[in-house]
Amino acid sequence: MKLLVVEDEPDLLKGLVRALRRDGYAVDPAADGEEGLYKAQNADYDAIVLDIMLPRLDGWELLARLRKTKSTPVLMLTARNTTADRVRGLDAGADDYLAKPFDNMELLARLRALIRRAAGKAVPQIEIRGVMIDTRSRIVTRAGQPVALTAREYAILEYLALHRGEVVTRTILYEHLLDESDDTLSNLLDVHVFSIRKKLGHDLIATRRGQGYCIES
Amino acid sequence: MRAKSIRGRLLLWLAFLLACLLAGFGVTAYQFQRINRFRQIDDELVQRVEALSDDARERGPFGPPPGGFPPDGDFGQRPPRRPPPEDANGPEGPRGRSVQLSAQTQALFNAADMNGFYYEFWSRDEDVLKRSANAPGTLTMPERSAPSAVCQMRTRGPFREAWHFNKMGECALVGRNITADLAAMRRFVLLLVFAGGGVLALGLAGSGWLVTRALRPVEKISATASRISASNLSERINTAQIDSELGHLADTLNSAFAQLEAAFAQQKQFTADAAHELRTPVSVMLTHAQNGLASTCASDEHREAFEACQRAAQRMRHLIESLLELMQLDSGQETIKRQPMDLAHVATECVELVRPLAALHHITIHTELAPCQYDGDSQRLAQVISNLLANAIHYNKPDGEIRIRTQSQNGAAILTVRDTGRGILAEDLPHVFERFYRADKSRSTERFYRVDKSRSTAGRGLGLAISKAIIEAHGGTIQAQSVPEEGSEFQIILPCLPS
């Protein structure tokens, strides 16, 4: 999962990026509205965490311009916590709204819910042929037995599971799983998929030669 | 409506002035009429007295006596006194002296008319020489007090009389019954009173209209001013249709409103800015503290430091929220959204919410929730009730009790929360609704309202202040009563709105 965080307070941006990365997300930071809009328009993010009070281009304007081309889920983050502000944010096209200061736990839970809803899944558990993925606790079980996955392995599995029935190209996987700070080699993806297959069975993830990977529905 | 309105006082003064003017005019008119009337009567009387006197002189026996005038000195000799005539009304007077009236003079009197002129003619011995048939029987000869031939006047009962004495000491008197004239004067007075009353009524109606018209701009100004409130500060008094005197007032008010609006806008901006400026750093602290806690490589010492930071950040967060809420309530930015609701229902929900917390401290909550309809902001009132319940749990003794009661009394909704805690000292009681007031701040351990350090104290010190602000925004009151060592009681009284 790849997220964009647009926040002008450098310390908060750093903290947010760190918290989200620890939770397994690939995170791109943006320090002002213009940078945020550019990144949001030119990459496919699974969700955007957007502050309202931003220099150059405020959150409202960014959201309005973004919504002309993309429907990426947006969680608005604001220090203004009046009902009018919340209503305005949601009406402007935000998918959720969180007032500062917030608990990291709540931010993460809301982001999970946002991404899940965007993928058309209402419940946090996904079950595929005996493999249960709990997106809430990030625990994967096979036939009731927990299976230990690395953060990257889990991210690949979750992304494929959320896009079940679709062919996910390597490019998309790279885009959603790696952020600007990663400089991993491309063949690492194959290593991770190999590792997942070893842990959860070979038939779970199918390889479409020349196209990408797919979890068949 | 105030007892003393400008309108009422203006009208009263106008009525008083008008009444004075009318009374002055009426009295003058009456006097003028009366003097005229009497002068006319008097003129007529004098004319007749003179005619009568002339006749008596011309025809009387006092022409030069036969044989010429007696020698000087004898002239003034009085004739011997004669007995009064048997028929005083007869054309012939007593012997020797008879007064004949000329036809001309006779025409001046009409004996048949009891209200007409009458006359009487006395000799110097007060003998009646001649009198008219309609002369009143009570008539007596007046005292001689003026030189001869000078007419004198008197009013005797309903009669106005004029007389004079001739050189021989004889007296001619002419009178007239003036009852009819007096009655006419009375009618005139009545007419004046009625006309005056009418003019007064008309004048008052006219002034009432004028005063109302003159005060209409004032009413307009006050109506506009009362429409201007915290939520609607942009309206202004329309000065185009207001006269210059009031226009100045309206301009002054308008500029005051403009200042007020600016102040409100400034306050609003400040609240918003303060919110942003305060919340962002707290977010930074909270995020980093939680990141640090989540880190696997943190030592116990680091962990402790991060926990302390996180606690402080959480406390600041609650404090900021409470302060901002108070500011918004104070400035009227946060408006109460009134809706029909049942206070008992709201209280039930609050009780259910705090029940787990109460159970944790082994505290029983007893409810006596009678249906209690009220038009209020249920969310805000729930906040108040939750705060009272949380305090009641927090400051209770272990195994204590809480009683929450709602009742409807005289249209007012009343909610009472009573605990069996250690109570509040009498000297602290008036201050419990003050901001940041902590009963235990000076003598910490032995005081009531002692705070357990292990529990979160976030927001304490503002909860009751916020509750008070919310209740007062509803137009209600909140009171605290307490008996030390027995418990405290908080009561909310929400009077019903005048519909």
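Let's start inside chain A. Setting aside neighbours within four places in sequence, A:Ile48 is in contact with A:Leu3, A:Leu4, A:Val6, A:Ala40, A:Thr72 and A:Val74. Contact here means that two C-beta atoms, placed from the backbone, lie within 7 Å.

A word on the source. This is a predicted model: local features need pLDDT of at least 70, side-chain atom pairs count only at pLDDT 80 or more, and totals for chains, interfaces and linings use all residues. Residues are numbered from 1 along each chain as its sequence is written, while chains are lettered from A and ligands numbered from 1 in the order in which they are written.

Back to the core. A:Ile48 is among the residues with the most contacts inside the largest nonpolar core, along with A:Leu3, A:Val5, A:Leu50, A:Leu75 and B:Leu389. That core has 112 residues. A nonpolar core is a set of buried Ala, Val, Leu, Ile, Met, Phe, Trp, Tyr and Cys residues joined through C-beta atoms within 7 Å. Buried means 20 or more other C-beta atoms within 10 Å of a residue's own, again placed from the backbone. Another core lies apart from it, with 22 residues, including B:Val99 and B:Phe117.

Chain A overall: eight helices and 12 strands. These are DSSP runs, numbered from the N terminus: H or I of at least four residues for helices, E of at least two for strands. Of the chain's 217 residues, 39% count as buried.

Now the interface. 16 residues of chain A are in contact with 16 residues of chain B. Which helix gives the most to chain A's side? Helix H1 (residues 10-22), with seven residues. Chain A's side divides into seven nonpolar, two polar and seven charged. For the classes, Ala, Val, Leu, Ile, Met, Phe, Trp, Tyr, Cys and Pro are nonpolar; Asp, Glu, Lys and Arg are charged; the others, Gly among them, are polar.

H1(A) packs with helix H4 (residues 244-294) of chain B at about 30°, axes 9 Å apart. Axes are lines fitted to C-alpha atoms, for helices over the stretch in contact, with angles from 0 to 180 degrees between N-to-C directions. The residues of this contact divide into five nonpolar, seven polar and three charged.

Next, the sheet in chain B. Five strands form an open, mixed sheet in the order E7-E9-E10-E12-E11. Strands pair if DSSP finds at least two bridges between them. E7 (364-369) and E11 (477-483) of chain B are at the edges with a single partner strand each, so one side of each has no neighbour in the sheet. The twist averages 15° from one strand to the next. Helix H6 (residues 343-360) of chain B packs on the sheet, touching E7, E9 and E10 of chain B.

Look at E10(B). Six of its eight residues are buried. B:Ile414 of E10(B) stands opposite B:Gln407, and its bridge partner in E12(B) is B:Ile493. E9(B) and E10(B) form a hairpin with two residues between them; B:Asn410, in the turn, has a positive phi of about 50°.

Last, helix H8 (residues 463-473) of chain B. Nine of its 11 residues are buried, so H8(B) is largely enclosed by the rest of the structure. What covers them includes helix H5 (300-331), helix H7 (378-394), E11 and strand E12 (487-494) of chain B. After H8(B) comes B:Gly475, with a positive phi near 85°.

Key. A residue is buried if 20 or more other C-beta atoms lie within 10 Å of its own, exposed if 12 or fewer, and partly exposed in between; C-beta atoms are placed from the backbone.
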